[in-house]
Amino acid sequence: MTADGEAILEVRDLVKHYPLTRGVLFRKQVGAVRAVDGVSFDLRRGETLGVVGESGCGKSTVARLLVHLERPTAGRIRYKGEDVTRLSGRALKAVRRNIQMVFQDPYTSLNPRMTVGDIVGEPFEIHPEAAPKGSRRQRVRELLDVVGLNPEHVNRYPHQFSGGQRQRIGIARGLALRPEVIVADEPVSALDVSVQAQVINLMEKLQDAFELSYVFIAHDLSVVRHISDRVAVMYLGRFAEAGTDAEIYEHPTHPYTQALLSAVPVPDPAARERRERILLAGDIPSPADPPSGCRFRTRCWKAQEKCALEVPPLEVPERFRAAGGPAAHVSACHFAEERPVVPVAGPGGTGGG
Ligand SMILES: Nc1ncnc2c1ncn2[C@@H]1O[C@H](COP(=O)(O)OP(=O)(O)O)[C@@H](O)[C@H]1O
Ligand code: SF4
Ligand SMILES: [Mg+2]
C-alpha cells in the first residue's frame with residue numbers, strides 16, 4: 001500500500017522532560033521525568049506506523065508532541081520539510097489543522113453535555129475557514145455517515161451510544177478538518193476485542209479513502225499488527241527496535257520485543273503449545289531515574305557489563321548489516337540476535353487493505 005513514499009513527518013531526537021519540583025513556598029526543581037528521551041522516526045505519506053510499549057513508556061507524550069498539544073524540551077518535528085517546533089501563532093494553527101488526534105478513551109474524551117453534532121463540528125469553531133457556517137451541519141452529517149453512524153442521530157448525546165460508536169464519534173471529529181495525519185493514541189484499548197476489530201477496519205477504510213497517514217499507538221503488539229506497515233517498540237522514553245511488521249513479528253532481535261511478543265495471544269492451540277513464554281523480571285524503572293547504559297538492562301536476561309556502561313544506539317546491529325535480510329533492521333541492543341518467538345502463521349506479509 002505504501003512502499004517508500006516521501007516523509008510527511010520527520011521526527012528527530014525528540015525529548016520531553018517534565019520538571020520534578022519540591023517545596024510549597026519556594027518551588028525548587030529537583031529532577032525531571034524523562035517521559036520522552038530521544039525519539040527519531042519518519043512517517044511516510046499513506047503509511048501506518050504502529051508504536052507499542054508498556055504503560056508509562058512515553059507513548060501519549062509522543063502523541064501530544066506530534067499534534068502540538070505540548071512543546072518538546074528538545075528535538076525537531078518537520079512536517080512536509082518545515083520545522084514546526086519553531087512555529088507559533090497562525091502558522092502553527094495552520095499546521096495543527098493537518099495533524100489531528102484520536103484519543104484513547106471514548107468515555108471521557110467526549111463532552112457528555114454536548115450533542116454528537118456539536119462534538120463532531122467543534123473543530124469548525126476553531127478553524128472556521130475549513131467550512132462555511134451554512135454548510136457545517138451538512139458536513140457533520142456526512143462525517144457521521146462516513147464513520148458508519150446514523151446521521152439522524154446528530155442530536156443525541158454521547159451516553160446514548162456504545163463504546164465502539166463513541167470511538168466512531170471521536171474519529172469523525174478527528175476527520176472533520178480533512179487532516180493528512182492522524183495520531184491515534186490507543187484508540188481501541190478501552191473497547192471489547194470484537195469491537196476493536198470493527199474500529200480498526202473502519203480506520204483502514206478511511207485511510208484509503210482520505211489518503212491518511214497514521215501513527216497508531218497501542219500497548220499490545222497484537223493490536224497494531226493488522227494495521228501497521230511499520231512498528232516501533234518503545235521502552236522508557238526511547239525506541240528499542242523498529243522495522244516492517246514482518247521484521248518485528250517474525251525476526252525480532254531486541255530482547256524487549258521478544259518478551260512482548262511472547263505475551264501476545266495466539267489463537268491456534270497447536271501454535272500456542274510451541275510458543276515460548278519469556279517472563280520479564282521486575283517493574284519498569286522510573287523515568288525520573290532511568291538505568292545507565294541500556295534502559296532495559298534491569299529486566300534483561302542477557303545484560304552484561306557493557307550494557308550498564310554504553311547506551312546501545314538505535315541502528316542496524318553490525319552482525320546483521322552485511323548479510324542483510326529481515327534481521328537487518330534497527331535495534332538498540334549491544335547483543336542483538338534473532339529469536340523468533342511466535343510461530344509463523346496466518347497472513348503476515350505487508351498488511352492488507
Ligand atoms: N504532564 C506531566 N507531568 C509530569 N509527568 C508526566 C506528565 N505526563 C506524563 N508524565 C509521565 O511521563 C511518563 C510517560 O507518560 P505517558 O506518555 O503518558 O506514557 P504512556 O502513554 O506510554 O502510558 C510517565 O511516567 C508519566 O507519569
Ligand atoms: S543492550 Fe544489553 S541490556 Fe540492553 S537489551 Fe541488549 S543485551 Fe539487554
Ligand atoms: Mg498513554
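This is a predicted model: local features need pLDDT of at least 70, side-chain atom pairs count only at pLDDT 80 or more; totals for chains, interfaces and linings use all residues.
In β7, Val 183 is the bridge partner of Met 101.

β6 and β7 are part of an open sheet of six strands, whose order is β6-β7-β8-β3-β9-β10. The pairing within this sheet is mixed. Its edge strands are β6 (99–102) and β10 (238–244), each of which pairs on one side only. From one strand to the next, the twist averages 20°.

## The four-stranded sheet

Another open sheet consists of four strands in the order β2-β1-β4-β5, and here the pairing is antiparallel. As a general point, the strands of a sheet pair through backbone hydrogen bonds, either parallel or antiparallel. The edge strands of the four-stranded sheet are β2 and β5 (82–83), each pairing on one side only.

Strand β1, residues 7–22, has links to two strands of this sheet. Five bridges join β1 to the antiparallel strand β4, residues 74–79, and Val 11 stands opposite Ile 77 in β4. Helix α1, residues 59–66, packs on the sheet and touches β1, β2 and β4. The direction of α1 makes about 70° with that of β2.

The antiparallel strands β1 and β2 are joined by 13 bridges. One of the pairs is formed by Glu 10 and its bridge partner in β2, Asp 42. The hairpin of β1 and β2 has five residues between the strands, and in this hairpin Gly 23 takes a positive phi near 95°.

## Helix α3 and its two partners

Helix α3 (residues 116–126) packs with helix α5 (residues 163–175) at an angle of about 30°, their axes being 7 Å apart. The two helices α3 and α5 are therefore roughly parallel to each other. The crossing in which α3 passes α5 is right-handed. On the side of α3, the contact is made by Val 116, Ile 119, Val 120, Glu 122 and Pro 123, while α5 provides Ile 169, Ala 172 and Arg 173. Divided by class, this contact has six nonpolar residues, no polar residues and two charged residues.

Helix α3 also packs with helix α4 (residues 136–146), in this case at an angle of about 115° and with the axes 9 Å apart. Here too, the crossing is right-handed as α3 passes α4. The residues of α3 that make the contact are Gly 117, Val 120, Gly 121 and Phe 124, and those of α4 are Arg 136, Val 140, Leu 143 and Leu 144. The contact of α3 with α4 comprises five nonpolar residues, two polar residues and one charged residue. Val 120 is listed in the contact with α5 and also in the contact with α4.

The domain assignment divides the chain into domain 1, given as 7–22 + 31–235, and domain 2, given as 253–346. Between the C-alpha centres of domain 1 and domain 2 there is a distance of 28 Å. Domain 1 gives 14 residues to the contact and domain 2 gives 13 residues.

On the side of domain 1 that touches domain 2, the elements giving two or more residues are β2 (28–44), α7 (221–225) and β9 (230–235). The largest share of that side, five residues, comes from β2. The residues on this side of domain 1 comprise nine nonpolar, three polar and two charged.

How values were computed:
Residues are numbered from 1 along each chain as its sequence is written. Chains are lettered from A and ligands numbered from 1 in the order in which they are written. Domain bounds come from an automatic or database domain assignment. Two residues are in contact if their C-beta atoms, placed from the backbone, lie within 7 Å. Ala, Val, Leu, Ile, Met, Phe, Trp, Tyr, Cys and Pro count as nonpolar, Asp, Glu, Lys and Arg as charged, and the others, Gly among them, as polar. Two strands pair if DSSP finds at least two bridges between them. Axes are lines fitted to C-alpha atoms, for helices over the stretch in contact, and angles run from 0 to 180 degrees between N-to-C directions. Angles under 35 degrees count as roughly parallel, over 145 as roughly antiparallel, 65 to 115 as roughly perpendicular and the rest as oblique. A crossing is left-handed if the near helix is turned anticlockwise from the far one by less than a right angle, and right-handed if clockwise.
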